[in-house]
Amino acid sequence: METPRIKPIAVTLSAAQSRQSRWGGAAASLALHAVLVGLLALGSLSWHAKPEAVHSVAAYVVHANDLAQPKAQALAPPVADSPDKASEPTASEPEPVKPDNAALEQAQKAAQQKAADLIKEQAAQAQEKEKALALQKAKAEQALAAQQDKAAALKAAEKAKSEKEAEKKAKEKQAAEIKAADEKAKALKAAADKKAAEQALADKHRAQAALAEKAAAEKADLASRKQREADLARQLAGEEHADALSAAQAGLLARYKAELTGRVQRAWIRPPGVRTGLKCSVRVTQLPTGTVTGVRVAECNADAAVRQSIEAAVYRASPLPLPSDPALFDRNLNLEFAPDE
Amino acid sequence: MNELFVRSLSRRWSLLSGASLMLLLLAALPARADLSIQITQGVTAPIAIAVVPFAQSQGPWPVDAASVIEADLARSGRFAPLAHGSFLQSPSTASSIDFASWRMVKVDYLVIGRQVIGTANTPAVEFELYSVLTGARLLGLSLPAGNTNVRAAAHRAADLIYENIIGVKGAFATRIAYVLVEGQIPNRRYRLIVADADGENTHVVAESREPLMSPAWSPDGTSLAYVSFESRFSAIYVQTLATGERHRVAAREGINGAPAWSPDGLKLAFTGSTRDGNVDVYVCTVSSGQIQRITDDPAIDTEPVWTVDGRGLYFTSDRSGRPQIYLLSPLVAGQKPARVTFEGPYNARARVSSDGSQLAVITQDQGAYRLAAVDAKSGQGRVITRGTLDLSPSFAPNGQSLIYSTRERGRGVLATVSVDGSISSRLSAPEGDIRDPAWSPF
């Protein structure tokens, strides 16, 4: 019996598989530019509202108050000189007038006479005395009166003096007051002027800020309008916002999405290597004609062959169906490959 | 290519950048995530590919590698090669590819190549795989090919193309063994044949006037175990393919059949019988010839096959009255095995997929014998062939398909079917009746 043989089969792999990877650099560059540009824009928007400007206005206000402070002190009454001490007028007592001691003989002879005289004299004396007394009294009264007059005059003078002084004081006071008032007014005016100037400056700042704000607001408005437009576009795309659409549009959108889904599903040849739980996000860009211009498998838990099958499916589905309402068209599509087993 | 152009252009713009561009970018950013669509299904359809005949330097060569690759891909059922009549061009170098023309004829992938005589006078097959859709070069290799090895190089190329696109290792550069029966009694001849997986490049391994049966590949692919009745009684032989050297490992009295290699290649499980005719499963150590009886049941226990981890044996038993698949794991003699299949009255001759998740069995379906794929855990199965007598399933090493024998115009032929039953093909075969195919390991 012959012994059959077969030759061993040897196959050697001699070259390595090579793949090309591109886009990385270009995408990174674009992203960097967008970020830089974004930062710049944000910076310029916030410049006008810089807190430094507000601080400088506040500083001026504080300064104005400092200037006003001395004026406020000037408003206080000036310290008065000590008033002259007028001596108190002293009333002098009137001295008693004494009677004359004449000769006794004469006194006898004249005793009678004298007596008479005395009587007379006494009477006279008494008269005189009375007279003197009266005179004295009168004198005293007069003196008193004079004294009183003098005191009164003094008093009056004093009074007048004090009145004059008071008047002078009052005048001075008034003058001081006027001066103070004047100065105050001046200060006030200066302050007011300064304040006004500051106000004007502040106003100017404010106006500038307002202008900048307005510009920013306009810019923001533009951005927000764009955002709103984008939002609207997204809403148009999003099922969850379908109620925001008119019923007719929602229907068209649903049909558009169904057509897209059907087209891609028919084009996707599922490799046997697809495991349960496959989930791949694919970014697709298309021309208004539906021609697929780019397919990027973003997040994907599948192997290279499955990714390739997905990429191929989208290209194979090209040109993609178009919506009946052109408003529903979107250049960018998100495809989620998640087979339900 | 278009994308590249657009990208580089926009980069230039950004370098020139102005506020307007910045605003455009800012405005464009929020609008990026747009219409979202869920893809929950795909199709099982062949992928459109074009394999352009390779340029042959100092030709013509005896074998056209491109046609071998093309046939491999087509037979897998996963690819639909474009008919050459539809080609608008036949490039053999990258620079001469006009992708637009290939897009026009709706192919997704393009294979070009050259059969060259390299330095040191060594022939080689160079091939390149391109995505027509993106223009990307997916593969580019040079495979050494002796004058008789262009076919092997082409199968290898097909494997790599298959793996790149399908994501599963190709099994084109593998082999099959089968028994070819020719002539009528008393001139009947049995031949054990080894061929390429595409049925070409056949070699006769053994030849006998008595039956040859049940070839089984050793796990390393160097040897075949098979049953021969050359001594009028059944015996199990192991033959090394490269040298033809062989030795008899089991020749006990009674039945010695259905050998199956353990995953470590050290043992063979087989069907044996006792003197009183009780058929059971035995295990033989190849190096020593030592034999151990594993099952001991009055019913027939036969057709053993190892679990992937080598710790258990599936086998067919009619202990329940009808043949069903049982599993004995761990492999302890005398233990009670667990029944695996319950669907239908007949499930026999199990084979295990390379990952152990599936069994292929012969099942009775609408009065015919057909193949079923059975989930190894649940025992749930589904019929995957449509023949009347589909027998001897054997898994491809990549687990994607099975080779089996079926009847065609009264004779046995080889067929393949994908494990899900969706793709089937027939292998052309010479005259005669083909039985017992076995697919080699990688």
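User: How many residues of strand S16 of chain B are buried?
Analyst: Six of the seven residues in strand S16(B), residues 267–273, are buried, so to speak mostly covered. Buried means under 20% relative accessible area, exposed means over 50%, and partly exposed is in between, with a 1.4 Å probe and protein chains only. Strands (E, at least two residues) and helices (H or I, at least four) are DSSP runs numbered from the N terminus.

User: Is this an experimental or a predicted model, and what are the ground rules?
Analyst: This is a predicted model, where local features need pLDDT of at least 70, side-chain atom pairs count only at pLDDT 80 or more, and totals for chains, interfaces and linings use all residues. Residues are numbered from 1 along each chain as its sequence is written, chains are lettered from A and ligands numbered from 1 in the order in which they are written, and side-chain values use heavy atoms, with hydrogens and water left out.

User: Back to the strand. Which way do S15(B) and S16(B) run, parallel or antiparallel?
Analyst: Antiparallel: strand S15(B), residues 256–261, is joined to S16(B) by four bridges. Two strands pair if DSSP finds at least two bridges between them. One of the bridges has Ala260(B) with Ala269(B) of S16(B) as its partner.

User: What is in the turn between S15(B) and S16(B)?
Analyst: The two strands form a hairpin with five residues between them, and Gly265(B) in the turn has a positive phi of about 75 degrees.

User: And on to S17(B): how many bridges join S16(B) to it?
Analyst: Seven bridges join S16(B) to strand S17(B), residues 279–285, and these strands run antiparallel. Lys267(B) has Thr285(B) in S17(B) as its bridge partner. S16(B) and S17(B) also form a hairpin with five residues between them, where Gly277(B) in the turn has a positive phi of about 90 degrees.

User: Is Cys284(B) buried or exposed?
Analyst: Cys284(B) is buried, with a relative accessible area of 0%.

User: New topic, cysteines. How many disulfides are there over all chains?
Analyst: One disulfide, counting a pair of cysteine sulfur atoms within 2.5 Å. The disulfide joins Cys280(A) to Cys300(A), with S to S at 1.9 Å. Cys280(A) is in strand S1 (residues 280–286) and Cys300(A) in strand S2 (residues 292–300) of chain A, 20 residues apart. Both Cys280(A) and Cys300(A) are buried.

User: Why is the disulfide of Cys280(A) and Cys300(A) right-handed?
Analyst: Because the torsion about its S-S bond is about 50 degrees.

User: Which residues have the most contacts inside the largest nonpolar core?
Analyst: Phe337(A) and Ile161(B), in a core of 68 residues. Helix H5(B), residues 150–166, gives the largest share of this core, ten residues. A nonpolar core is a set of buried Ala, Val, Leu, Ile, Met, Phe, Trp, Tyr and Cys residues joined through side-chain atoms within 4.5 Å.

User: What does Ile161(B) touch?
Analyst: Among the residues it touches are Ile49(B), Leu73(B) and Phe127(B), not counting residues up to four places away in sequence.

User: Last one: what is the average pLDDT of chain B?
Analyst: Chain B averages 88, and 91% of the residues score at least 70. pLDDT is the predictor's confidence in each residue, from 0 to 100. Over residues 1–33 of chain B the pLDDT is below 50.

Key: Contact = heavy atoms within 4.5 Å.
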